[in-house]
Amino acid sequence: MEQLSLFDNRQIMAPLASRLRPDSLDCFIGQEHLLGKGKLLRRLIDADQISSMIFWGPPGVGKTTLANIIANRTNSAFINFSAVTSGIKEIKEVMSRAEDSRRMGMKTVLFVDEIHRFNKAQQDAFLPFVEKGSIILIGATTENPSFEINAALLSRCKVFVLHALTADNITELLENALKAPQGFGQTHIDISKASLKAIAIFSNGDARTALNTLEMAITNGIVSAGSIRVTEDILGQCIGKKSLLYDKNGEEHYNLISALHKSMRNSDPDAALYWLSRMLEAGEDPLYIARRLIRFASEDVGMADSHALPLAVSVYQACHFNGMPECNVNLAHAVTYLSLAPKSNALYAAYGECREDAMHTLAEPVPLQLRNAPTKLMEDLHYGEGYEYAHDTEEKLTRMSCLPDSLRNRTYYRPTSQGEEAGFKTRLEKIKEWKKTR
């Protein structure tokens, strides 16, 4: 058997991601919260009643594809505009054409890809035309519009948040690529479901990355008896991973993070470091692990060592700055610290009990002594009456009750004697004794 390129002696084709770009909502995968039956964006597109909007989401989730679908569905003139290659001059030319169309009764939909790349002056150039309806602006951005889009322009646009595609979404997309005539439907491709799942996980929610990876793997697959076989070794070279077993059955991801969490809880740094390395070397997102460590710092360490939380947050930032593989030692730092830190789940238990009470007392009024009274009417209604200002006392304490009457004697936080929490326990006992004796 010989290893050949799928496209040997064939006409060079467009990239797979481009060939498979859907032209209707029925073929669009993902974003069910926006495009599911009866959802707002779906209704607006179906009725051709779109207004100015911003699509905000990570790369490869369908922002440009949605704009193309709108272009195919709308009766308006549609102009595709790139913030990377266009400046004020081009904006003014397009706006002039749109204004001429408006006078003749024709709407213009202007799609601006990577709109966050426009500076303030360039964004301001759109504003008067959006205000008077010369254009319907659709912007696509990977950055937070609150920080990257001018407030005046943003206030005239509806922001739709697109989510990273799930592994199931990506797997469905890859399976469609193997069947579609414009994909690999004309060729028998021998690739395992586990390999498709590995590509889906590797793509991290980015459809373009997933399709490019699939295309690379098939292009370099082994041609034999009229079919192309993609082995795990070939795919491993394409995605730069030695093992494709991670999350092979759809649950390994959760098994490994559970093993890491429980090893740290059991104060076993060796086991915790091992499970950390298993996740990282299999291709896990380091920021996901860092987020779980931040949760662990409060759930399992808590007040026993309040330095754990800022350390975990700092490690998250370090992972963001460094990326893999440099951030592996940052994560090892946090995992070791959290494993050896004194443990307390008092905060976790306290919130759990509070939540149960809160869910059953959502209509419980705030006691009058805890309410502010900024107006005369509120004073007449006794808002703030009976409030005791702790700073007016020598002990900085009062006996005023701060819970609703129905929960007056409830206790939620029960500190342990572990680490620094022992000191907080002593302090709390003294406070309660003082209130009791007064």
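Predicted model: local features only at pLDDT ≥ 70, side-chain atom pairs only at ≥ 80, totals over all residues.
Residues are numbered from 1 along each chain as its sequence is written, and side-chain values use heavy atoms, with hydrogens and water left out. Local features require pLDDT of at least 70 and side-chain atom pairs count only at pLDDT 80 or more, whereas totals for chains, interfaces and linings use all residues.

Helix α12 spans residues 232-239, and its buried residues (under 20% relative accessible area, 1.4 Å probe, protein chains only) are I234, L235, G236, C238 and I239. The cover over these buried residues includes α10 (193-203), α11 (207-219), β8 (222-224) and β9 (227-229), where contact means heavy atoms within 4.5 Å.

Five strands form an open sheet with parallel pairing in the order β3-β4-β5-β2-β6; two strands pair if DSSP finds at least two bridges between them. Strands β3 (77-82) and β6 (158-161) are the edges, each pairing on one side only. From one strand to the next the twist averages 15°, with axes fitted as lines to C-alpha atoms, for helices over the stretch in contact, and angles between N-to-C directions running from 0 to 180 degrees. Within the sheet, β2 (residues 53-56) and β5 (residues 136-141) run parallel and are joined by four bridges. W56 stands opposite T141 in β5.

Two helices pack on this sheet. Helix α4 (residues 63-73) touches β2, β3, β4 (108-113) and β5, and its direction makes about 145° with that of β2. Helix α5 (residues 88-103) touches β3 and β4, its direction making about 170° with that of β3.

Methods. Buried < 20%, exposed > 50% of the residue type's maximum accessible area, 1.4 Å probe, protein only.
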